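Please look over the sequence and the model before reading on.

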There are 2 protein chains.
Amino acid sequence: MMQAKIRLFVDHPLSAGQSVPLSRDQAHYLFAVMRLGAGAPVALFNGRDGEWLAEVAEAGKRGGVLVCSAQTRPLQPPPDLWLMFAPIKKARTDFIVEKATELGAARIIPVQTAHTNSERIRQDRLQAHAVEAAEQCGGTFVPEVAGLQPLDRVLSGWDSTRRILWCDEALAGPHQTLSDAAQGPYAILIGPEGGFSEGERARLGGLPFVTPVALGPRILRADTAAVAALTLWQAHLGDWL
Amino acid sequence: MMQAKIRLFVDHPLSAGQSVPLSRDQAHYLFAVMRLGAGAPVALFNGRDGEWLAEVAEAGKRGGVLVCSAQTRPLQPPPDLWLMFAPIKKARTDFIVEKATELGAARIIPVQTAHTNSERIRQDRLQAHAVEAAEQCGGTFVPEVAGLQPLDRVLSGWDSTRRILWCDEALAGPHQTLSDAAQGPYAILIGPEGGFSEGERARLGGLPFVTPVALGPRILRADTAAVAALTLWQAHLGDWL
């Protein structure tokens, strides 16, 4: 079987013999930038049907068609872990989405907190970052990036069967670890650079489905905390076991 | 006691009553950018003497003097953990140094491997990144960033009492975890984007002080792998316990 060097996410069903039309941007990337011609192999995934080997059937300037031959990998969805974080500076927010995709978060939810600076995010751009991270890291799944939602409203509508791991930078002294935490659906909650407000801390502290966790004796930036918490969850409760 | 909002690294001894002269850059930052005047509090650390509260005694355009009053925190050195990594793209290399400082690495060693793209690094710039990260994260210690060294030479001169945790992206199947690893000095080794060469893999695999570790079922970028490995080590063997 030919080995594809390029992995592409397409929003199209994938199956044996399936034709996949390319967008103008995808055609430009494959044929103008990467200079592929008819017959060239490309690996495709759509986040649902695993990874497929496809061949270029038609290559044009404004479009093209790939045809799927065989599935090369099944869909490998991540464990049921969400990441909630307060958006920070653009580059660091992009980074969090990239790392959450690589580390295997199933859903990414930007939340607005009392001390969140940004009032809005570019959801489409963050989703594109998740797609690119999945293309790069060999993933077959792309986490959904939700729109920005106020933390208060998220907590009010919370399904209490999903535990929240609240990464609280103000947590001092001996702390809970994940090594004896119960299996199940989880969400990690990372605060903004300025920390949570007193009101938020009081509310989170009183919710039965919220578990505060500490991430070591040094104060971590929000993006570092996100990566560290995702890592520890995957190692203790996820698919790194 | 006045609370200092600005933390500054200075390469100068710190003790009660000690005068600390400022460089031109530091004076510009404190007096022109942050607009501090005489009597303003500044937190100082030098990586050796903990954190000290100091006051502005003289503020000038080209320099100035701070005077230390009291130690506000003792030196809190990180555990004896080194990070060795093959330099990658500039922004991601900067990122690794920042994160290693936050997560508590004692020493950072860029290594040149068979598939390392960059032939040289800006050691002074990376060291400045480590200083900035320590200033930001409230650390009292700054890890030394060593010059770029060939991996072969590093391994030839290795003190075998320090174990190397070799993060090998090609490691498949069940893998060793850190939960039952022995205490002691360690170094984490992260490969370049292209992975280690066959020769490097053979050599590393045959060294008694090298332990291969895997970081989950997804392929991680080098910078993600560095943060994940540092996190797991700190949680299992370091000062996050």
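## An arginine and its partner

B:Arg122 counts as partly exposed, at 49% relative accessibility. Here buried means under 20% relative accessible area, exposed over 50%, and partly exposed in between (1.4 Å probe, protein chains only). The side chain of B:Arg122 meets that of B:Asp124 in a salt bridge, at 3.0 Å from N to O. A salt bridge is a side-chain nitrogen of Lys or Arg within 4 Å of a carboxyl oxygen of Asp or Glu.

## Basis of the model

This is a predicted model, in which local features need pLDDT of at least 70 and side-chain atom pairs count only at pLDDT 80 or more, while totals for chains, interfaces and linings use all residues. Residues are numbered from 1 along each chain as its sequence is written, chains are lettered from A and ligands numbered from 1 in the order in which they are written, and side-chain values use heavy atoms, with hydrogens and water left out.

## Salt bridges

Side chains of opposite charge can pair when their charged atoms come close. Over all chains, the structure holds 32 salt bridges. One of them joins A:Asp94 and A:Arg125, with the closest N and O atoms 3.2 Å apart. This pair links distant parts of chain A: A:Asp94 sits in helix α2 (residues 90–103) and A:Arg125 in helix α3 (residues 123–137), 31 residues apart. Helices are DSSP runs (H or I, at least four residues), numbered from the N terminus. A:Asp94 is buried at 10% relative accessibility. A:Arg125 is partly exposed at 24%.

In chain B, B:Arg92 forms a salt bridge with B:Asp223; the closest N and O atoms are 2.9 Å apart. B:Arg92 lies in helix α2 (residues 90–103) and B:Asp223 in helix α6 (residues 222–237), so the pair ties together parts 131 residues apart in sequence. Both residues, B:Arg92 and B:Asp223, are buried. Salt bridges that share partners also join A:Arg92, A:Arg221, A:Asp223, B:Glu98, B:Lys99 and B:Glu102 into one network.

## Cysteines

There are 0 disulfides over all chains. A disulfide is a pair of cysteine sulfur atoms within 2.5 Å. The sulfur of A:Cys137 is 17 Å from the closest cysteine sulfur, in B:Cys167, which is too far for a bond. A:Cys137 is buried, at 6% relative accessible area. B:Cys137 is in no disulfide either, and the nearest cysteine sulfur, that of A:Cys167, is 17 Å away. B:Cys137 is buried at 5%.

## Two copies

Chain B superposes on chain A by a rotation of 180° with 0.0 Å of shift along its axis (RMSD 0.0 Å). The two copies are therefore related as by a two-fold rotation axis. Superposition is by least squares on the C-alpha atoms of residues with pLDDT of at least 70 in both. The same surface serves both copies, as 100% of the contact residues of chain B recur in chain A. Contact means heavy atoms within 4.5 Å.

Key:
Helices (H or I, at least four residues) and strands (E, at least two) are DSSP runs, numbered from the N terminus.
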